[in-house]
Amino acid sequence: MIAFDFNYIKPTTAKEASKLFLNAKQEGYKAMFYSGGTEIITLGRVNRLQTDMVIDLKGIQECNVLEISDNELIIGSAVSLNEITHSKLFPLLGKTVQRIADHTSRNKITIGGNLNSELIYKEGILPLLAADAKVKLAKGKEQRIIPLEAVFNKQWKLDEGEFLVQILLDKGYLDLPHKALKKTRISKVGYPVVSAAALVKDNQIRIAFSGVCQYPFRSIELESVLNDTKVPIMERVGTALRHLPEDIVDDIQGTKAYRTFVLRNVLKDMLEELELTK
């Protein structure tokens, strides 16, 4: 049970959703965008989250799109993780999100909710970083399409009242050789000790990580080390560990030493399998 009252509103346009958010703030209320609601319920029950209003984006047609149009895959922010997996439109993304929570929860969890999670993992973003995804954002009557990496660097950098409407992927990335690996402490669907999603484009491995640092990331510098095939695999892995963007996480899910051990093996497995596809 959530121990606080809040208003629930389901607008039908992006303009209306943004206006509701900004009006609430102007009047001194806290509003949140909502698409699946699982995290709001979970965190609200333990008083780790509080809001005066939730604005449900599922009533906005643009946020429910899942289709290939011209040369792009378009994924609305309110599309569930199971819909993405079952569509098989972008297999790397489907496999990555298939290991988030249990099957029943994935019917509710949306890609927009996962990407905007309060948790550090946000695993759905890994294939998007590897595939140079773009995002459509809305604020007021304005919409803009920009590269994902321009608004996500360690965390989202959105304007107040701005929200994710769609994810756009070049069709040329969808069926490339790929691999997704997730290592957890106990169960298959727990929080990741290490989660990685990689694809091969133009004979180069592109790889993004979650669970390693305090945020999901893709590092061009680290990829450069991994793609230097003149160097033995384990030597490349050892060098790559020195190019992480920050210290490895040390928490209840896994110590720094354990995560380092797991990451080393994940990288080894990734390289051994993906280099055969080049």
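The legends below describe close-up views of a predicted model.

Local features need pLDDT of at least 70 and side-chain atom pairs count only at pLDDT 80 or more, while totals for chains, interfaces and linings use all residues. Residues are numbered from 1 along each chain as its sequence is written, and side-chain values use heavy atoms, without hydrogens and water.

**View A. The annotated span, residues 1-174.** An unreviewed UniProt entry labels this span "domain: FAD-binding PCMH-type"; such annotations may be inferred rather than shown by experiment. The span is 31% helix and 25% strand (DSSP runs: H or I of at least four residues, E of at least two). Its end C-alpha atoms are 41 Å apart.

**View B. The largest nonpolar core, with 36 residues.** A nonpolar core joins buried Ala, Val, Leu, Ile, Met, Phe, Trp, Tyr and Cys residues through side-chain atoms within 4.5 Å; buried means under 20% relative accessible area (1.4 Å probe, protein chains only). Ile-75, Ile-111, Ile-167 and Leu-169 touch the most other members. Helix 7 (residues 125-130) gives the most to this core, 5 residues. A separate core of 28 residues includes Ile-207, Phe-217, Leu-226 and Val-266.

**View C. Surroundings of Leu-169.** Beyond four places in sequence, the contacts of Leu-169 (heavy atoms within 4.5 Å) include Phe-90, Leu-128 and Leu-174.

**View D. The loop between strand 12 (192-201) and strand 13 (204-210).** Phi is positive in both non-glycine residues: near 55° for Asp-202 and about 65° for Asn-203.

Definitions and conventions. Buried < 20%, exposed > 50% of the residue type's maximum accessible area, 1.4 Å probe, protein only.
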